There are 2 protein chains.
Amino acid sequence: MESFSFSNESINYSILRERAFNLRWASLPKGVIPLTAADPDFPCAPAISEAITRFAKDRYFSYVPAEGYAFFREAISDFHASKRGLHIQPDKILPVDSAAFGIQVACKATLKPGDEAIVFDPVDFLFKYCIEQSGATARALQIPLDPSSPIDIPLLESLIGPRTKMLCLCNPVNPTGKVFTPSELQTIAEVAIQHNLIVLSDEIWSDIVFTPHRYTSIASLGPEISDHTITVSGYSKSYSLAGLRVGFVMSSNPTLFNKLVQASLHGSTVHGCNAVGQVAATAALRECEDWLEGFVSHLQSMRDLSLQEIKTIPGFECHEPQGCYLLFCNIEKTGKDSATLQQFLLENAKVAVVPGLPRWFGEQAAGHIRICFSTSEFLLREAFSRIRQAMTNL
Amino acid sequence: MESFSFSNESINYSILRERAFNLRWASLPKGVIPLTAADPDFPCAPAISEAITRFAKDRYFSYVPAEGYAFFREAISDFHASKRGLHIQPDKILPVDSAAFGIQVACKATLKPGDEAIVFDPVDFLFKYCIEQSGATARALQIPLDPSSPIDIPLLESLIGPRTKMLCLCNPVNPTGKVFTPSELQTIAEVAIQHNLIVLSDEIWSDIVFTPHRYTSIASLGPEISDHTITVSGYSKSYSLAGLRVGFVMSSNPTLFNKLVQASLHGSTVHGCNAVGQVAATAALRECEDWLEGFVSHLQSMRDLSLQEIKTIPGFECHEPQGCYLLFCNIEKTGKDSATLQQFLLENAKVAVVPGLPRWFGEQAAGHIRICFSTSEFLLREAFSRIRQAMTNL
């Protein structure tokens with residue numbers, strides 16, 4: 001097994017300052033450490049760049065098939081069969097331009113004005129955003145902020161009415177880091193089947209799970225729940241490929257899958273998944289298992305380090321995440337709201353974090369900040385040291 | 001000046017059979033020559049692959065800025081200033097995921113249900129499709145099939161009513177190959193300004209113009225028409241980059257431009273323009289002028305060759321295109337409709353062409369087939385020889 005380094009020396013800060021946008025290095029004043037967008041500081045696996053270079057060498061970038069390259073769909077199918085116990089044929093998998101667009105496609109395919117869909121609170125804003133783009137309404141299900149606490153199933157059921165068409169499951173949960181157990185998912189699956197809901201399972205964080213927790217895809221629990229599920233994922237979190245814009249949607253249910261294909265507008269070429277993204281993601285799935293193992297192992301150390309550091313910062317409290325490389329810190333005891341604290345840390349600690357604004361994560365996010373720990377030990381220690389000093393001098 | 005070859009030997013047929021989809025090599029039975037989708041058989045300019053390889057070597061594919069890379073926007077701005085006499089600041093240019101998506105963004109940004117937009121007949125289906133996606137209605141303006149005949153301006157004006165919001169200009173026209181003269185564009189601009197219409201100028205074919213014709217961007221005619229215009233283009237036709245999905249929309253009008261940005265959904269990351277596409281298109285604009293000159297010169301020869309060949313095929317008639325690498329052949333004298341003839345040629349000549357179906361090109365397209373001549377002299381001679389033989393034996 002090749003070994004990969006996730007040391008500080010492996011990070012190319014000058015390239016990050018040129019290329020890492022979306023609240024990160026290239027969007028911030030020099031000297032600020034971004035613990036913001038969920039995008040790693042490390043370069044991607046060498047095999048991914050090598051695959052792109054091989055593909056580019058031929059100098060052909062012709063139209064890709066509307067349904068995606070066969071080799072990529074097969075790689076996705078094989079990955080889910082071997083790693084998730086989830087058997088979906090390649091012809092029920094549609095490569096799309098990012099998981100974010102995949103969520104929009106799923107909502108557009110299945111929701112119409114007047115429909116309702118249930119989303120967690122807190123969770124990333126994209127579910128609600130895409131539900132509303134389809135003219136439907138998002139109903140918020142408050143979930144425990146402690147990842148080890150279960151979802152309140154009676155509360156979930158109380159939100160289901162005649163117009164409820166979909167349950168949006170983010171597993172692991174961004175931002176709390178909860179990883180659902182098979183029995184929790186089984187209960188959710190039973191509710192979905194009983195009420196004939198579609199489960200939209202956002203699995204973009206599913207590679208980032210810390211021992212002893214293990215990942216379960218809800219669609220793998222049986223054929224009936226599989227036929228109620230649309231699974232969506234992408235390659236930004238695990239493989240640092242956000243800028244290549246590549247993800248997929250899939251469903252074993254032919255009716256649902258055909259609706260996804262229609263909603264994608266791939267047939268008209270208005271939308272599509274670019275060739276290089278598909279080549280890169282295929283290399284990720286086929287050649288980068290060792291790299292990913294090393295990355296997740298590093299992240300588990302960084303999670304433990306970050307939790308230790310948080311304990312020493314006045315007013316900060318945090319549950320232990322089971323997955324995702326995010327800490328969702330309660331900062332109510334600092335006496336500041338999340339936007340004020342974010343600005344304070346930016347100015348006084350030169351560290352950027354994401355404020356728990358209700359419009360980004362839901363009502364329960366108020367009083368929290370989100371910290372991304374997908375970087376080197378050196379940088380994390382420096383960032384927490386700066387935060388601690390700023391908060392101690394407050 | 002480096003010289004580039006557009007000989008038959010420069011074409012890699014085995015790669016095309018793997019990678020060229022959308023009615024082309026990889027979508028057709030072996031042995032069939034595709035003169036179908038507007039996608040060249042030649043590999044792209046070496047500088048484009050080299051730029052991708054350099055970018056990939058760093059192994060960073062982080063989030064791109066929602067507004068696009070500054071270097072790409074500057075390259076687009078510089079290109080239009082120097083080659084089109086059109087001065088648009090980089091901050092009024094939005095890189096998008098293909099020209100097709102750019103047309104959708106423009107329609108979504110400016111049209112609402114009940115609105116009307118004028119589209120040529122014949123023209124590629126994407127205008128009508130995107131107008132209808134926005135809930136608006138497309139009104140067809142019949143244009144002469146002979147590229148040298150002018151647009152009927154009184155007919156255009158007769159289609160303008162209180163609900164008319166947009167005039168969709170495809171210049172050069174796919175499929176007729178018409179290149180608008182400055183005075184024709186001036187007249188159209190005056191009509192647009194007088195009736196306060198937005199001109200959506202699709203310039204994806206604007207590099208492919210044959211001497212003595214010269215290209216004029218309608219927005220370059222003056223500040224007033226510029227502020228009524230949304231210009232959209234991409235890099236599939238000139239640089240063979242369809243699979244990289246990269247294009248742009250732009251407008252000097254800040255209100256229009258802001259509507260484009262909103263409609264793009266780039267701010268939410270649901271849509272965006274991938275990093276490698278932007279790198280490749282920048283290399284095309286900055287480093288591939290000589291390559292493009294060689295390509296267009298080759299295409300002009302192929303146009304002349306194709307017109308000679310068409311004269312020898314019973315029942316085929318064709319005007320001389322001024323731009324685009326397409327022949328739009330009237331085939332009414334064959335006694336077959338376009339779909340029947342397309343199938344006949346596929347089976348008997350092993351040549352694939354695009355039938356002039358009204359749903360793809362408008363009502364006037366009936367009785368026509370579209371032939372793409374962006375290939376080698378060897379292959380074109382072979383294809384026309386097969387067509388001639390099949391038609392002669394009819």
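**Close-up views of a predicted model**

**View 1. A:Ser98 sits in the loop between strand E2 (93-96) and H4 of chain A.** This is a predicted model, and here we zoom in on one serine of its chain A. For background, most residues other than glycine have a negative phi. A:Ser98 is buried, because 28 other C-beta atoms lie within 10 Å and 20 or more are enough to count as buried.

**View 2. Over in chain B, B:Ser98 lies in the loop between strand E2 (93-96) and helix H4 (99-110).** Phi of B:Ser98 is near 95°, again positive without being a glycine. B:Ser98 also counts as buried, with 28 C-beta neighbours inside 10 Å.

**View 3. Two cis peptide bonds turn up in chain B.** One runs from B:Asp121 to B:Pro122, with omega near 5°. B:Pro122 belongs to the loop between strand E3 (116-121) and helix H5 (126-133). The other goes from B:Thr211 to B:Pro212, also with omega near 5°. Look for B:Pro212 in the loop between strand E6 (198-202) and helix H8 (223-227). Most peptide bonds are trans.

**View 4. Here chain A meets chain B, with 48 residues of chain A in contact with 48 residues of chain B.** Several helices of chain A each supply at least two residues to this side, among them H1 (13-19), H4 (99-110) and H11 (275-287). H2(A) gives the most, with six residues. Sorted by class, the side of chain A that touches chain B has 25 nonpolar, 15 polar and eight charged residues.

Terms used. Residues are numbered from 1 along each chain as its sequence is written. Chains are lettered from A and ligands numbered from 1 in the order in which they are written. This is a predicted model: local features need pLDDT of at least 70, side-chain atom pairs count only at pLDDT 80 or more; totals for chains, interfaces and linings use all residues. Two residues are in contact if their C-beta atoms, placed from the backbone, lie within 7 Å. Helices (H or I, at least four residues) and strands (E, at least two) are DSSP runs, numbered from the N terminus. Ala, Val, Leu, Ile, Met, Phe, Trp, Tyr, Cys and Pro count as nonpolar, Asp, Glu, Lys and Arg as charged, and the others, Gly among them, as polar. A residue is buried if 20 or more other C-beta atoms lie within 10 Å of its own, exposed if 12 or fewer, and partly exposed in between; C-beta atoms are placed from the backbone.
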